[in-house]
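Subject: Structure for you to look at

Hello,

Here is the structure I said I would pass on. My notes on what turned up in it follow below.

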Amino acid sequence: WLKPFGSSRPGPDVEESKPTKQKSISAQPSAMATKPVKSLEAEEQRLHRIRITLTSRNVKSLEKVCSDLIAGAREKELHVAGPVRLPTRTLRLCVRKSPNGEGTNTFDRWEVRIHK
């Protein structure tokens, strides 16, 4: 029931066509093929619109990855806008120094800076 692609033997419901019909069929796809090509080019331009948000605790590594991405995009001759640096998020934690709750109420203040 399955036959390999490009099989030379026709199936039970396939009829051989006359040479005149083949000429008219081959002329139509070439005329029709020009219209979808223009729409595919427009879709390709829309597909290359990429926005990437990189986050890290280390600014140097973030800048290195960003410059590598920009260099790779410019090698492929793509339009690059950026990088746009976003404000640094600071996550602060206030933690009790005492492990068991005894003693005076003293706290350690820790913070993590997240760069975007």
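The side chain of serine 98 makes a polar contact with the side chain of asparagine 100, at 3.0 Å. The serine 98 side chain also reaches the backbone oxygen of glutamate 102, at 2.9 Å. Serine 98 belongs to the loop that connects strand E1 (89-96) to strand E2 (107-114). With a relative accessible area of 16%, serine 98 falls under the 20% cut-off and therefore counts as buried. Please keep in mind that this is a predicted model.

As for the overall layout, the protein chain has 3 helices and 2 strands, and along the sequence they follow the pattern α-α-α-β-β. Of the 116 residues in the protein chain, 7% are buried. Among contacts in the protein chain with a separation of 6 or more, 34% are between residues 24 or more positions apart.

H3 covers residues 59-75; at 1.5 Å a residue its 17 residues should span 24 Å, and the end C-alpha atoms are 24 Å apart, so the two agree. The buried residues of H3 are Leu62, Cys66, Ile70 and Ala73.

The N-terminal end of H3 is capped by asparagine 58, which has a side-chain oxygen 3.3 Å from the backbone nitrogen of lysine 60. Just after H3 comes glutamate 77, with a positive phi of about 60°. Glutamate 77 takes this positive phi although it is not a glycine. Glutamate 77 is in the loop between H3 and E1, and its relative accessibility of 73% is over 50%, so it counts as exposed.

The loop between H3 and E1 also holds proline 83. The peptide bond joining glycine 82 and proline 83 is cis, with omega at about 5°.

Arginine 57 sits in the loop between helix H2 (34-47) and H3. Its relative accessibility is 67%, so arginine 57 counts as exposed. Once neighbours within four places in sequence are left aside, arginine 57 is in contact with Val112, Arg113 and His115. Arginine 57 and arginine 89 are 32 residues apart in sequence, and their C-alpha atoms are 9.8 Å apart in space.

Last, the cysteines. How many disulfides does a search of the whole structure find? The search finds 0. Cysteine 66 has a relative accessible area of 17%, so it counts as buried. Cysteine 94, at 58%, counts as exposed.

That is what I have for now.

Regards

Notes: Residues numbered from 1 in each chain as written. Predicted model: local features only at pLDDT ≥ 70, side-chain atom pairs only at ≥ 80, totals over all residues. Heavy atoms only, no water. Helix = DSSP H or I, 4+ residues; strand = E, 2+ residues; numbered from the N terminus. Buried < 20%, exposed > 50% of the residue type's maximum accessible area, 1.4 Å probe, protein only. Polar contact = N/O pair within 3.5 Å; in protein donor to acceptor, adjacent residues only side chain to side chain. Expected span 1.5 Å × (residues − 1). Disulfide = S-S within 2.5 Å. Contact = heavy atoms within 4.5 Å.
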